[in-house]
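The tour goes from the whole chain to a single side chain.

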Amino acid sequence: MKVLDLQCSARHAFEGWFGSEAEFQRQLAQGLVECPYCGQRDISKKLSAPRLNLGASAPSESTTQSVVSVGEETQQAMQLAWINMVRQVLEQTEDVGDGFVEEARRIHYGETKRRGIRGQASREETEALLDEGIAVAPLLLPHALRGPMQ
């Protein structure tokens with residue numbers, strides 16, 4: 001496996017694993033490689049030290065690693081923390097879809113059991129819920145987490 005450091009035009013950094021350079025180029029040309037954060041398909045390889053995933057053998061302590069600037073490292077750590085937080089929210093809430101506003105009100109006014117929910121609401125609907133004292137917060141979902149969770 002060839003592990004590549006990739007970046008979309010919005011500067012989101014991520015890894016891609018490919019069988020070969022040719023396989024990466026084929027998938028890129030067909031528009032199959034996309035940013036897991038925003039879904040953009042304008043992807044480029046970042047400069048990095050070559051790295052191959054050859055299986056289960058653990059790297060020794062003397063193995064050299066790719067070097068990144070502190071800014072990129074911090075950005076990647078923040079992106080990973082954000083994705084993990086969103087995954088937790090998705091796992092611990094019920095998706096009520098377009099019925100979010102009504103269900104949030106029913107929960108707030110004690111008409112149904114209290115639980116974590118998520119769904120869709122317009123900006124105006126969100127502001128109206130907040131004005132009523134109903135605690136809601138917008139959640140930007142990374143493109144990669146919009147489908148079924150694996």
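The stops below are given in the order in which to select them.

**Whole chain.** This is a predicted model. Select everything: the chain has 4 helices and 5 strands, and along the sequence they follow the pattern β-β-α-β-α-β-α-β-α. Colour by burial next; of the 150 residues, 25% are buried. Among contacts with a separation of 6 or more, 53% link residues 24 or more positions apart.

**The sheet.** Now select E1, E2 and E3, which form an open sheet of 3 strands in the order E2-E1-E3, with antiparallel pairing. E2 and E3 (43-45) each have a single partner strand and stand at the edges, so one side of each lacks a neighbour in the sheet. From one strand to the next, the twist averages 45°.

**E1 and E2.** Keep E1 (residues 2-8) and E2 in view; 6 bridges join them in the antiparallel sense. One to pick out is Leu6, whose bridge partner in E2 is Phe14.

**Trp17.** Finally, show the side chain of Trp17, in strand E2 (residues 13-18). Is Trp17 buried, partly exposed or exposed? Its relative accessibility is 47%, so Trp17 counts as partly exposed. Select Glu15 as well: a polar contact of 3.2 Å joins the side chains of Trp17 and Glu15. Then select Val3, 14 residues from Trp17 along the chain; 4.6 Å separates their C-alpha atoms.

How values were computed
Residues numbered from 1 in each chain as written. Predicted model: local features only at pLDDT ≥ 70, side-chain atom pairs only at ≥ 80, totals over all residues. Heavy atoms only, no water. Helix = DSSP H or I, 4+ residues; strand = E, 2+ residues; numbered from the N terminus. Buried < 20%, exposed > 50% of the residue type's maximum accessible area, 1.4 Å probe, protein only. Polar contact = N/O pair within 3.5 Å; in protein donor to acceptor, adjacent residues only side chain to side chain. Contact = heavy atoms within 4.5 Å. Pairing = 2+ DSSP bridges. Axes fitted to C-alpha atoms, helices over the stretch in contact; angles between N-to-C directions.
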